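Dear colleague,

Please find the sequence and structure below. My notes on the findings follow.

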Amino acid sequence: MTGRPPIPRRRPPQPAPPPRAARGLWVALWVALAPWAAHAEEPFFAPGTQPETLTLPLEPTATCLLCHRDVDPPERVAPGDTWRGSMMANSARDPVFLAALAIANQDFAALGVQDGGSFCLRCHTPSGWLAGRSVPGDASALTDDDRNGVSCAFCHRLDAGTHEDPAGPLVGNGQYYVADTDTYRGPRQDAQSRHFVEYDPFIEDGALCGACHSVSNPAWAHRDTTPPYAELGAMAPEQRTFEEWRASAFDDEGTTCQHCHFSRAPGRAASEVAPDRPDVRRHDLAGGNVWALDALTLMFPDFAADYAYTRARTLETLASAADLEVRGLPVEVDGGAPLAFEVRVTNRTGHKLPTGYPEGRRMWIEVTAQVDDQPPFFVSGHYDPVEAELDEDAQVRLYAMHAGVADEGPTFHLVLNDAIFLDTRIPPRGFDPAGAVDLLPVGRDYGDGAGGWRHWDDAPFAAPAPGAAQGVVTITARLLYQTMTRDYIEWLRDTNHSNQAGQAVYDLWVAAGRAPPVEMARVVARARIAGTPCAPDEVCNGVDDDCDGTVDEGFGVVSCGTGACYAEAPACQGGEAPVCTPGAPGDEICDGEDDDCDGAVDEALPPIVCGRGECRRTAVACVDGAPGVCQPGAPAEDVCNSRDDDCDGRIDEALGVVTCGQGVCARSVPACAAGAPVPCNPGPASAEACNRLDDDCDGETDEGLGTLTCGVGACARTAPACDGGAAGVCVPGAAGNETCDGEDEDCDGRVDENLDAELTCGVGACARTARACAEGTPGACTPGMPAMETCNDVDDDCDGEIDEDLGAATCGVGACLRTVAECVDGVPLGCVPGDPTDETCDGTDQDCDGETDEGLGAESCGVGACARTVPACVDGAPMACEPGSPTDETCGDGADDDCDGQVDEGCQPDADAAPTVDAGAPDAAPRRTRALAGRRARRRRAPGRGARRRRGRGDPARRRAPRLTRRAAPRTPPRPG
C-alpha cells in the first residue's frame with residue numbers, strides 16, 4: 001500500500017439513493033500512471049493490457065473444452081469439467097454480482113462517473129473487457145462467451161508484465177497483462193499439446209490471482225476518523241485477500257493460492273495427446289460460496305451436475321479451513337454453579353477467515369450447553385432459518401468486516417465506502433501486516449503480547465448453572481459460515497432503481513432456502529456434575545467416567561497411512577470414536593521416500609525431459625534416490641522438414657517467405673509448409689487504375705492516367721489526373737482585378753473588359769470624359785475651367801455645389817413674414833407674404849398690421865367702491881379682473897362703500913327730522929342693527945379680511961386702486977407663414 005496526501009473534499013450532487021454525504025471524488029489511481037494511453041471509453045484507467053489492443057483476441061472457452069474434458073472418467077479431473085461449475089466460470093453470471101453492479105452504476109453516476117461498472121467487469125469478464133464490451137457498464141453488451149467469466153485463455157495467457165513493465169507483475173484492480181500470442185503458458189516443462197505451449201512459473205504465482213483478488217475503490221480515498229486510519233490517502237479497500245496471503249507465513253513457505261484452491265487427482269488434463277499423470281490439477285477453484293451455487297443451479301438447471309461437483313468441493317474447503325476446540329471446561333463441575341469456558345477457533349487458511357467480498361459474509365460460533373438429553377440450558381449464536389435472522393445475544397462471537405462512510409456509519413455501498421468500522425476476522429498464521437493499515441483488525445485484538453499476531457481466537461462464554469444434581473454436561477460448539485445475510489439481500493432489492501436485478505436475486509434467495517449457514521466445524525466437550533456416580537471403566541465419551549481425574553485415558557492410539565502419509569491419532573479424543581487422518585500425499589520425488597503414499601518408493605517418476613524439438617532428450621528420473629541428469633541435443637539450422645531443427649519449440653519457422661511478381665501481382669507464400677517448399681505464382685495483371693497500386697504490374701504506380709486542366713486566362717491550371725491513389729483535383733488560380741495590359745486577370749474569358757469605357761474627371765460644368773484603356777494602354781482625362789455661379793441648375797463654378805450663395809428675399813410683417821431663396825432648382829423665386837388671421841393675446845402680430853395684441857378691449861368687475869377695469873391683454877398674456885375689497889359704509893359720501901349695490905344704506909336721518917313709522921313695516925333701526933351685526937359676524941369669521949379693510953382706510957387711493965391679475969391662458973404660437 002502506498003499512501004497519498006489527504007485530498008480536498010467537495011459535495012457532489014446527491015440523487016436518491018445513495019444515502020450519504022459525499023466528500024469528494026478521488027479520480028486518481030492508487031498506482032502511478034505509466035505512460036500508456038487510456039482507452040477512451042473507460043471511466044478509470046489502470047496499467048496493463050488495454051481494451052481492443054490484442055491482435056489475437058482471447059479464444060472462446062468452447063474451443064478449449066473440445067479437448068480439455070474427461071473421457072469416461074471415474075471422477076472429474078480435466079480442467080474443463082471441473083471449471084464449469086466454479087464461481088470463476090460464473091463470475092459474470094453471479095446474480096449477487098449483477099445486483100450489486102446495478103447499484104454501483106447508480107452510485108458512480110451520482111458522483112459524475114458514467115459507466116463506472118466497467119471497472120467491475122474488468123475482472124468479472126476479462127474477455128468482454130479486453131474486447132471493449134464492458135461499456136456500457138451494466139454488462140448489457142456482453143456476449144454469451146463473455147458470461148463465462150474468468151476463462152481458460154485468460155489465465156493461460158497472463159503474463160507477469162515484465163515484457164512491458166519492468167516493475168511487474170502489478171497487483172490489484174485488474175492490472176493484468178495478457179500476452180498477444182497463441183502460445184499458452186502452463187506449469188509443466190514436459191507438456192505435450194496440439195497447440196503451442198510453454199512453461200511459465202507465473203501460472204503458479206500468487207500474484208496471478210492478486211490481479212483481481214485485491215480490490216480498491218477507485219472513487220474514494222480510505223478515510224476513517226480514528227487512528228491509525230485517519231486520512232490515509234490510499235484508496236479505500238473493498239477486499240484484500242492477496243495482501244492477507246502475502247502477509248502470512250504461507251507466502252514465506254511457498255504455499256500459493258493455487259496449492260489450496262486447485263485439488264489434485266490422477267488422470268489426464270486433455271482428452272488427446274496429454275499423458276496420464278498422478279497429480280493433475282483440477283480447476284475446481286472452490287472457495288466458500290455455497291449459496292451462490294444453489295442459486296446458479298436454479299438459474300441454469302442444465303448444469304446442475306457441474307454446480308453439485310463444485311458445491312461438494314466447497315464444503316470440503318470450508319471443513320478444512322478452521323479447527324475448533326473447547327478449552328477451560330473442568331473434568332467435574334458443580335451443578336449449582338455457573339460455567340465458564342472458551343471456544344478456540346484456529347484459522348488454517350492462508351488469509352483472513354473469512355475473506356473475500358465482505359458484504360453479506362460472516363462467520364460465528366454457536367454454543368449450546370445441556371445436561372444429558374434434556375433441552376439446552378444455555379444457547380448463544382442461535383440462527384432462525386425461517387426468519388433468516390441471527391440472534392445476536394450478548395455473548396455471540398462474530399467474525400466479519402463492515403465497511404462504510406466515515407463519520408456516518410456502515411453501509412453496503414461499496415462505491416461510496418471509505419472507512420472500515422469493523423474487522424474481527426481471524427488473521428492467518430504468521431500474520432505480519434508490516435504497516436499495511438488496511439489489513440489491521442478493527443474491533444478485536446489479535447496481538448499475541450510479544451509483538452506478533454495470533455491466528456486463532458479464544459472466545460469466552462459464561463453459561464448459567466446446569467441446575468441438575470447429577471448427570472453429564474455437554475457443551476456443543478459449531479462454527480457456522482454464511483455468504484448472504486437477509487439485510488444485504490433486502491438492501492440489494494430495495495436500493496436498486498435502475499433494473500430488476502435486485503428483485504431477481506431476492507427471489508432466488510427465497511427459492512434457494514434463504515442462504516442458510518454452513519457448518520464448518522463442530523466440537524463437543526463434556527463434564528461430570530459433582531455427585532454423579534462413578535463407573536468402573538472409562539468410556540470414550542469425553543467424560544471422566546471412573547472419576548480418576550483423567551478423561552478417556554487408556555485407549556491407546558490408532559495409525560493410518562503409509563510412507564510420508566503415515567499418521568497416528570489417539571484412539572479416543574474428545575469423546576469421539578477413533579479418527580485417524582493420514583497425511584496428504586504429495587508428488588513423488590526422487591528422494592528415496594514414499595512421497596505419494598502408495599507403498600512404493602520413487603516409482604513411476606516420469607522421465608526427465610530436456611530440450612525441445614530435435615534436441616529433446618529423456619533420461620531416467622531417479623537412480624537410487626538421486627535425480628537423473630538429462631542433456632539436450634545440439635540445435636541445428638532449421639530446414640523445411642516439419643521438424644524443430646533449431647530446438648526453439650517451433651517448427652519450420654524463420655525460413656522466411658518466397659515472393660514473386662510485383663505490384664498487385666506480387667505474392668508471398670511461406671517458404672515451407674507441411675515440411676515441403678511452397679511454389680510462388682504471381683497474380684494476374686489488369687489495367688492501371690488510380691488506386692496507388694501497380695495494377696498492370698510493370699513496377700510503376702498510377703502511371704499513364706493523363707492530366708486535368710481547369711480555369712481560363714490568368715487562372716488556367718493543369719494537375720495530374722491521379723494524385724496519391726486518389727482522383728486528381730484541378731483547382732483554378734485565384735482571379736484578380738482586371739488591368740489595362742492586354743491580359744485576362746479576372747479570368748472571365750475577356751481581356752481588358754470594362755476598361756475601354758470613358759474615364760471621367762472634373763465636376764459640374766468642368767466635367768470631362770476620355771477612354772480608360774485603348775489597346776492595352778491606359779488613357780488620361782483633363783477637367784474644364786470653372787465660371788461664375790448663376791441660377792441655372794448647373795455647377796458653374798465646379799465646386800460640387802449647384803446654384804449656391806445666390807442669396808434670399810424677405811416680405812410681409814408679423815405672422816405674415818416670409819423669407820425664400822432667390823434660386824430653387826435653377827429657377828428664380830418671388831417672395832409672397834403669409835395670410836393674416838384674427839389677433840389673439842399671444843404677443844404675436846397675427847393680423848400682420850404692425851401692431852401686437854391690439855383691439856382686444858378691457859375686463860371689468862365689482863360694484864360700488866369695489867368696481868375695477870383692466871386691459872384684456874398685457875404683454876401677450878390674458879389678464880383677469882379682481883374686484884376691490886369692500887369697507888364699512890360711510891354715511892353722506894354718496895358711495896357704495898361696502899360694495900353691496902346700495903349707497904349710504906343704514907344711515908340715521910337728520911335729528912330735526914322726525915322719523916316716520918309705518919305701523920305695518922319693520923322698524924328701521926332694528927334692520928340696521930341686524931345689518932351691522934351681520935357685518936360684525938363676518939368680520940369675526942374673517943379677521944384677516946377686516947384687517948385688510950382697516951389697513952386700507954387711511955389711503956383712499958389705495959383702497960380703490962384696481963388689482964391687475966394676469967389670466968392663466970396659453971400663449972398661441974405664431975402661425976407659420
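The lining of the second largest pocket comprises 20 nonpolar, six polar and nine charged residues; here Ala, Val, Leu, Ile, Met, Phe, Trp, Tyr, Cys and Pro count as nonpolar, Asp, Glu, Lys and Arg as charged, and the others, Gly among them, as polar. Please note that this is a predicted model, in which local features need pLDDT of at least 70 and side-chain atom pairs count only at pLDDT 80 or more, while totals for chains, interfaces and linings use all residues. Residues are numbered from 1 along each chain as its sequence is written, and side-chain values use heavy atoms, with hydrogens and water left out.

The second largest pocket holds about 970 Å³ of space, a volume being the space filled by probe spheres set on grid points that are joined across faces, edges and corners. A pocket is, on a 1 Å grid over the protein atoms alone, an open set of points where a 1.4 Å probe fits, with protein on both sides within 12 Å along at least five of seven lines; lining residues have an atom within 4 Å of a point. Of its 35 lining residues, Leu324, Val523, Gln573, Gly574 and Glu576 are the closest to the centre. Strands S9 (322-327), S22 (518-529) and S24 (567-570) each supply at least two residues of this lining, and the largest share, seven residues, comes from S22. Strands are DSSP runs (E, at least two residues), as are helices (H or I, at least four), numbered from the N terminus.

S22 is also joined to S21 by ten bridges, and the two run antiparallel; strands pair if DSSP finds at least two bridges between them. Val523 in S22 is the bridge partner of Ala477. S21 (residues 472-482) pairs with S12 (residues 362-371) as well, in the antiparallel sense over ten bridges, and there Leu480 is the partner of Trp364. Ten of the eleven residues of S21 are buried, that is, under 20% relative accessible area (1.4 Å probe, protein chains only).

Turning to the helices, the axes of H13 (residues 486-495) and H14 (residues 501-511) come within 7 Å and cross at roughly 145°. Axes are lines fitted to C-alpha atoms over the stretch in contact, and angles run from 0 to 180 degrees between N-to-C directions. The contact (heavy atoms within 4.5 Å) involves Arg486, Ile489, Glu490, Leu492 and Arg493 of H13, and Gly502, Gln503, Val505, Tyr506 and Trp509 of H14. These residues divide into five nonpolar, two polar and three charged.

Kind regards

Terms used: Buried < 20%, exposed > 50% of the residue type's maximum accessible area, 1.4 Å probe, protein only.
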